[in-house]
Number of protein chains: 2
Amino acid sequence: MTGRTRQKEIRLNAFHMNAPGHSWAGLWTHPKDRCANYTDLDFWIELARIAERGKLDGIFLADVSGVYDVYAGTPDAALAAGAQIPSNDPSVLISAMAAATRDLGFGVTASVGYEQPYYLARRFSTLDHLTKGRVGWNIVTGYLESAARAIGDGGVREHDQRYDRADEFLELAYRLWEGSWEDGAAVRDKAGRVFVRPEKVHRITHHGTFFDLDAIHLSEPSPQRTPLLYQAGTSGRGREFAARHAECVFMNQSRAAVAEAAADIRRRAAAYGRHPEDLLVFVGATVIVAPAEAEARDKYEEYRSHLDTRGALALLSGWTGIDFSQYGPDDPVRYVKSNGMQSKIEAMTLRSPDRVWRVRDLADFGEVGGRGPFIVGTPSQVADELLTWVEAGADGFNLTRVVEPANLTDIVDLLVPELQDRGVYKTEYSPGPLREKLFGPGRARLSPRHPGHAFRHPGPTA
Amino acid sequence: MTGRTRQKEIRLNAFHMNAPGHSWAGLWTHPKDRCANYTDLDFWIELARIAERGKLDGIFLADVSGVYDVYAGTPDAALAAGAQIPSNDPSVLISAMAAATRDLGFGVTASVGYEQPYYLARRFSTLDHLTKGRVGWNIVTGYLESAARAIGDGGVREHDQRYDRADEFLELAYRLWEGSWEDGAAVRDKAGRVFVRPEKVHRITHHGTFFDLDAIHLSEPSPQRTPLLYQAGTSGRGREFAARHAECVFMNQSRAAVAEAAADIRRRAAAYGRHPEDLLVFVGATVIVAPAEAEARDKYEEYRSHLDTRGALALLSGWTGIDFSQYGPDDPVRYVKSNGMQSKIEAMTLRSPDRVWRVRDLADFGEVGGRGPFIVGTPSQVADELLTWVEAGADGFNLTRVVEPANLTDIVDLLVPELQDRGVYKTEYSPGPLREKLFGPGRARLSPRHPGHAFRHPGPTA
């Protein structure tokens with residue numbers, strides 16, 4: 001509207017996993033919850049349609065390629081609770097949801113720890129083609145010992161070495177996505193009987209520390225070429241990686257910690273020639289909304305009664321590497337150093353250093369669970385609270401799965417109109433690929449300021 | 001019908017690839033062809049709907065993870081013709097087609113050469129869940145040097161060693177699919193708050209020649225557990241592999257060679273305790289059908305005029321390892337020993353040993369191209385011809401992509417009713433998963449006679 005200062009637009013993703021339980025163990029037991037139907041395409045197609053009706057930016061799918069077996073040294077607690085196990089491959093879910101939607105984005109988690117850049121790059125190019133440019137890649141380096149042990153990899157590599165490998169992986173992926181095929185290579189000239197101009201396709205050769213490559217990229221350029229890049233890293237090395245590669249950074253921390261980390265990552269990004277606005281910060285948030293506050297509190301308590309405490313501790317044990325089965329529910333937790341990838345507990349205990357946290361608090365359904373903001377209230381109360389996080393540096397939120405799709409439906413029906421009324425949320429999707437929807441017209445591809453852009457082939461005139 | 005001997009039912013798959021060109025280079029240039037839209041989900045969803053309207057058993061997606069660069073030592077001819085390059089990942093296509101169909105099966109090619117059993121098993125379990133049991137795996141060992149070179153694998157492994165690795169891969173996959181989770185492990189008991197009974201989930205440990213594994217399978221059992229297993233191997237070692245593992249064997253050979261190979265593989269299968277009827281033989285076939293013979297011939301000539309000869313030779317060079325750019329179009333080809341995985345040329349030249357074949361014949365659009373039967377005619381003529389192959393031991397046909405989806409539409413509208421009238425083709429799909437549709441009631445899972453079945457966990461009573 002003219003004459004009014006344009007408000008910053010809040011971004012929302014639905015944060016899910018191809019599993020019965022994700023961040024909150026046990027909620028699948030709620031009578032309304034349908035996440036136990038995760039093996040059924042109808043569940044996902046309905047979820048995607050609800051998300052698109054609410055003009056969400058995307059569905060963001062987490063993944064781990066191991067089990068949570070730190071707790072008591074077995075995966076039993078996680079299995080019984082359905083806590084991230086069983087877990088299915090997220091990448092093969094996407095095309096069905098893409099066919100049922102037009103604008104919704106899809107964030108797909110894939111690890112650089114156990115894949116070859118050559119194959120991963122092709123899979124993401126394929127997804128980007130099939131979705132017409134609506135795919136993001138959530139880059140993870142892997143933190144579960146069980147995932148490394150699964151394929152005889154002899155334990156999770158040292159943290160910094162993991163990131164060295166990740167940097168080399170990304171460089172190869174950029175070369176395949178950006179450097180192998182020039183624009184206009186795939187001419188599809190039926191009359192001239194030429195599908196590809198071979199002189200515009202370039203072989204990538206690389207002999208590095210972790211990978212060898214000698215090939216052309218198998219896929220022609222997709223709408224975004226490089227998928228939109230998500231990353232969640234809050235350690236020093238993780239921040240450096242995010243500053244260099246990420247376009248969207250995912251954080252689960254206190255408001256003050258988000259403000260500090262967001263500013264620090266943006267500052268580090270400048271060293272790579274990037275601008276602060278080239279990075280969007282998404283904060284993990286649990287939102288329970290109802291027309292009246294009492295109703296929202298009731299809903300919260302009802303959901304909470306379905307939490308699986310052992311499952312929650314199994315997740316915490318996996319995130320931190322600490323076997324919480326050794327402690328009683330009332331044992332105090334003064335300070336927990338995370339294993340470097342997951343700062344959940346660290347952030348949580350640092351957040352309120354004066355309070356004595358107990359093991360039972362860590363396993364509870366609430367902000368104490370260490371998963372970023374936990375907001376229960378009316379649409380207006382939730383919006384107020386979210387805006388304080390935007391003040392602190394957040395651009396958007398990954399909305400954690402609760403009781404679904406009921407909870408997402410509440411968000412779409414109640415919170416989204418409130419945010420729209422406040423002028424901080426889109427009423428229509430912007431056209432174009434996911435990156436363009438988030439960063440504006442002309443931004444379908446990596447920014448020229450992004451380090452990956454340097455791997456673009458200069459073309460015949462250069 | 002009572003009182004009439006039940007005819008053997010002919011099986012049909014549409015044989016495709018996630019690429020503009022598949023077996024016949026250049027046909028994408030035909031005005032009616034829409035395969036250049038392979039990046040578009042609508043193309044695939046329409047194809048799946050046509051196939052299901054024709055009650056086809058499945059869409060079978062080939063894949064190679066390299067380029068055809070034997071011809072003149074570069075991928076240029078293949079690129080210009082769009083001959084299997086660009087090529088996208090087939091696995092991520094499936095869920096969109098599955099959501100648009102109910103009974104159609106999906107054959108997905110994946111190589112045991114460059115993947116980890118742990119991840120491949122999970123991807124196929126996920127696909128089997130999402131399709132409600134309609135997925136098959138076409139097991140390939142890889143034959144393109146370019147695919148091995150791409151990831152620094154130092155050349156394609158020796159043929160027999162490739163199969164040793166494949167055997168070990170399959171054993172691990174069986175253990176994950178069949179042995180890690182007992183039936184009834186995932187109880188989904190909301191009232192009792194138990195998703196999985198941990199005592200029914202078993203860790204798989206393996207330290208072998210090619211792979212290490214120490215993990216539970218990440219996916220709960222899918223409708224078929226092990227996907228329907230396809231394999232194309234006609235060498236001695238390939239036949240042994242097929243006899244042990246395959247439920248559907250795919251052949252591209254002469255009628256006599258199919259008869260011999262089918263009988264031999266069924267004989268070898270008996271040594272593994274399997275029955276001859278536990279294996280179905282699919283023959284690769286190109287079919288062009290029209291109401292009148294002249295019309296079919298005209299259509300054939302019209303399609304043929306769009307063939308790309310250099311692209312065809314690029315494919316042949318990749319299949320055989322022989323650089324056909326060294327020879328003129330009229331040079332004779334007396335006998336070509338294939339590289340052990342692709343017996344196309346070998347079979348073709350052996351088929352008519354008295355004729356002098358020339359290089360131009362090998363690149364032509366016709367049976368001389370060495371891709372199994374090539375049938376042009378009226379519905380009645382095509383049916384007659386197909387039945388001679390059934391007499392020789394074929395159970396069904398993989399119908400090669402020609403000009404699509406026009407050609408598949410002709411097959412569905414003209415050939416399928418003819419086959420139905422003759423009582424050799426289903427008028428309705430059978431219920432249940434793909435394996436049950438093909439092998440009959442109660443056969444959703446691997447047969448107890450299949451070697452993979454031995455890896456089933458015996459359960460608590462054993």
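A few ground rules come with it: residues are numbered from 1 along each chain as its sequence is written, chains are lettered from A and ligands numbered from 1 in the order in which they are written, and side-chain values use heavy atoms, with hydrogens and water left out. Because the model is predicted, local features need pLDDT of at least 70 and side-chain atom pairs count only at pLDDT 80 or more, while totals for chains, interfaces and linings use all residues.

Helices (H or I, at least four residues) and strands (E, at least two) are DSSP runs, numbered from the N terminus. Axes are lines fitted to C-alpha atoms, for helices over the stretch in contact, and angles run from 0 to 180 degrees between N-to-C directions.

Start with α1(B), residues 41–53, and α14(B), residues 406–421: they pack at an angle of about 20 degrees, with their axes 9 Å apart. That makes α1(B) roughly parallel to α14(B); angles under 35 degrees count as roughly parallel, over 145 as roughly antiparallel, 65 to 115 as roughly perpendicular and the rest as oblique. On the α1(B) side, L47(B), I50(B), A51(B) and R53(B) do the touching, and they meet L408(B), T409(B), V412(B) and D413(B) of α14(B). By class, this contact of α1(B) with α14(B) has 5 nonpolar, 1 polar and 2 charged residues. (Ala, Val, Leu, Ile, Met, Phe, Trp, Tyr, Cys and Pro count as nonpolar, Asp, Glu, Lys and Arg as charged, and the others, Gly among them, as polar.)

The other pair is α6(B), residues 159–179, and α7(B), residues 236–245, whose axes come within 10 Å and cross at roughly 10 degrees. These two are therefore roughly parallel to each other as well. Among the α6(B) residues in the contact are Y163(B), L170(B) and Y174(B), and the α7(B) residues include F241(B) and R244(B). The contact of α6(B) with α7(B) divides into 5 nonpolar, 3 polar and 5 charged residues.

**Some single residues**

How open are a few residues to the outside? Buried means under 20% relative accessible area, exposed over 50%, partly exposed in between (1.4 Å probe, protein chains only).

| Residue | Relative accessible area | Class |
|---|---|---|
| S91(A) | 3% | buried |
| Q84(A) | 4% | buried |
| D189(A) | 29% | partly exposed |
| P31(B) | 67% | exposed |

S91(A) sits in the loop between α2 (76–81) and α3 (94–99) of chain A. Leaving aside neighbours within four places in sequence, S91(A) is in contact with V108(A), R123(A) and L127(A), plus V92(B) from the other chain.

D189(A) belongs to strand β5 (residues 186–189) of chain A. With neighbours within four places set aside, D189(A) is in contact with V194(A) and W28(B).

Over in chain B, P31(B) is in the loop between β1 (11–17) and α1.

Most residues other than glycine have a negative phi, and most peptide bonds are trans. Q84(A), though not a glycine, has a positive phi of about 65 degrees, and lies in the loop between α2 and α3 of chain A. K132(B) is not a glycine either, yet its phi is positive at about 55 degrees; K132(B) is in the loop between α4 (117–130) and β4 (135–140) of chain B.

Where is there a cis peptide bond in chain A? It runs from E404(A) to P405(A), with omega near 5 degrees, and P405(A) lies in the loop between β15 (396–400) and α14 (406–421). In chain B, a cis peptide bond joins E404(B) and P405(B), with omega about 5 degrees.

Key
Contact means heavy atoms within 4.5 Å.
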